[in-house]
Amino acid sequence: MLGDACATGRRLTRDELEARRREGERAAVAGVRLRLLIRAHLAASHETQAQSPPAVAVRMFAVAERAVDAFVEGYERAQSNAVRQEEAARREFIDDLLYGRSDLGKLAERAARFGLRLSQAHAVAVAEGREPYGDGYPVARGIEEAVLARFGNRHILVATKEGRLVCVASGDQPEVLTYFAKRAYAATDGGRVGIGRSHPGPGGVVHSYEEALGALDLGVRMDLDGPVLHAADLLVYPVLGRDRQAMEDLVESTLGPLRQARGGAGPLLDTLHAYFDTGCVATEAARLLSLSVRALTYRLRRIHVLTRHDPADPRHRYTLQTAAIGARLLGWPDGADGAAGVAGVAGVAASAGSTGSAGSAG
């Protein structure tokens with residue numbers, strides 16, 4: 001083809017260029033290295049040049065350039081299609097894995113393709129960023145490449161799910177999820193990661209995933225500090241949220257009188273949160289609320305008078321702190337999403353075995 005085009009001075013036809021693209025696709029599917037293929041094209045070009053007069057040789061370079069360009073286009077197209085197919089297969093697998101919708105035997109076979117052995121215990125980390133993650137996004141791809149480069153083929157799966165980035169790793173390799181969390185936090189500049197506990201079998205992956213989601217939800221609802229939330233550290237909250245009616249009764253009976261305060265219950269409830277979050281240190285709580293210590297002390301006295309529970313008295317403190325935690329779970333006193341909040345926390349605890357949080361309960 002090259003010799004004929006050079007001899008006649010014509011340009012390559014559309015069919016000839018398409019034939020080069022198809023050859024490029026076949027070479028990519030066959031797994032032939034592109035560098036070797038380019039060398040073969042250059043060798044053919046040198047051979048044609050050697051057999052042609054100087055005037056023809058000048059035209060040869062332009063023809064060879066178009067032929068190689070079409071070949072590489074087909075090669076890259078096949079690679080892009082393979083990547084998209086792999087991403088689609090991985091998305092389908094991660095959906096079935098995290099929702100437990102597939103036959104366990106077939107799921108285990110498919111898992112081997114992605115480097116997972118479902119007979120072992122696994123733990124799951126879920127990362128949320130300021131913007132949703134998507135397949136092929138530079139941030140998501142960069143995190144995945146960093147994790148795989150660091151740990152190699154250690155039965156790790158990184159994928160996107162509903163705008164979040166998910167990492168599944170063997171339960172005996174917590175360092176993988178820790179590194180994943182660090183990379184995700186650094187890449188998103190303010191993202192947050194929830195890490196579930198290790199559980200055995202295919203169902204264990206689902207449990208750990210739901211625990212990680214529950215940890216993220218509790219981090220927002222309970223205003224927990226830190227970019228990484230471990231479900232193992234948060235187990236008290238699902239326990240508190242499991243009996244919704246009892247929690248509602250406790251919050252209303254203990255904190256309901258705060259509504260009588262000027263300005264409503266909100267400022268006094270914020271005072272309780274700050275007081276307990278700082279370990280019941282008045283000066284720290286006042287600084288957190290941008291109040292004077294005298295103003296904070298006045299608020300604590302008002303809480304004592306209205307609720308008949310003294311925040312400074314250890315005998316009353318547990319009841320008030322538990323009620324304050326319940327208020328966060330319920331969204332009290334607004335109550336707009338309270339029922340859903342407690343129900344959601346309880347649901348995660350039931351399905352995952354226990355999600356939860358230890359944070360500031362103590």
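1. A residue is called buried when its relative accessible area is under 20%, and exposed when that area is over 50%. The model is a predicted one. With that cut-off, Leu157, Ala159 and Lys161 point one way from strand 2 while Val158 and Thr160 point the other way, and all are buried.

2. The partner of strand 2 is strand 3 (residues 164-170), and the two pair in the antiparallel sense over 5 bridges. Within this pairing, Ala159 stands opposite Val166 of strand 3. The hairpin has 2 residues between the strands, and Glu162 there takes a positive phi near 50 degrees.

3. Helix 7 passes a simple length check. Its 15 residues, at 1.5 Å a residue, should span 21 Å, and the end C-alpha atoms are 21 Å apart, which agrees. Just after helix 7, Asp189 has a positive phi of about 50 degrees.

4. Which residues of helix 7 are buried? They are Val176, Leu177, Tyr179, Phe180, Ala181, Ala184 and Thr188. Their cover includes strand 1 (121-128), helix 6, strand 2, strand 3, strand 4 (192-195) and strand 6 (228-230).

5. A search of the whole structure for aromatic pairs returns 2. In one of them, the ring centres of Phe151 and Tyr179 are 5.6 Å apart and the planes are at 80 degrees, so the pair is edge-to-face. This pair links distant parts of the chain, with Phe151 in helix 6 (residues 138-151) and Tyr179 in helix 7 (residues 174-188), 28 residues apart. Phe151 and Tyr179 are both buried. In the pair of Tyr275 and Phe276, the centres are 5.9 Å apart and the planes are at 55 degrees, so this pair is tilted. Tyr275 and Phe276 are both buried as well.

6. The largest nonpolar core has 34 residues, of which Met222, Tyr237, Val251, Leu255, Leu258 and Trp332 touch the most other members. Two or more residues each come from helix 8 (201-221), helix 9 (236-241), helix 10 (244-255), helix 11 (266-277), helix 12 (282-289), helix 13 (293-307) and helix 14 (314-330). Helix 14 gives the largest share of this core, 7 residues.

7. Trp332 deserves a separate entry. Leaving aside residues up to four places away in sequence, Trp332 touches Val251, Glu252, Leu255, Gly256, Arg259, Ala265, Leu269 and Ala327. A second, separate core has 22 residues, including Ala140, Ile156, Val176 and Ala181.

8. Asp69 belongs to helix 4 (residues 54-99). With a relative accessibility of 52%, Asp69 counts as exposed, because the cut-off for that label is over 50%. Asp69 and Leu17 are 52 residues apart in sequence, and their C-alpha atoms are 9.0 Å apart in space.

Key:
Residues are numbered from 1 along each chain as its sequence is written. This is a predicted model: local features need pLDDT of at least 70, side-chain atom pairs count only at pLDDT 80 or more; totals for chains, interfaces and linings use all residues. Side-chain values use heavy atoms; hydrogens and water are left out. Helices (H or I, at least four residues) and strands (E, at least two) are DSSP runs, numbered from the N terminus. Buried means under 20% relative accessible area, exposed over 50%, partly exposed in between (1.4 Å probe, protein chains only). Two strands pair if DSSP finds at least two bridges between them. Rings of Phe, Tyr and Trp (its six-membered ring) pair if their centres lie within 6.5 Å; planes under 30 degrees apart count as stacked, over 60 as edge-to-face and the rest as tilted. A nonpolar core is a set of buried Ala, Val, Leu, Ile, Met, Phe, Trp, Tyr and Cys residues joined through side-chain atoms within 4.5 Å. Contact means heavy atoms within 4.5 Å. The expected span of a helix is 1.5 Å times one less than its number of residues.
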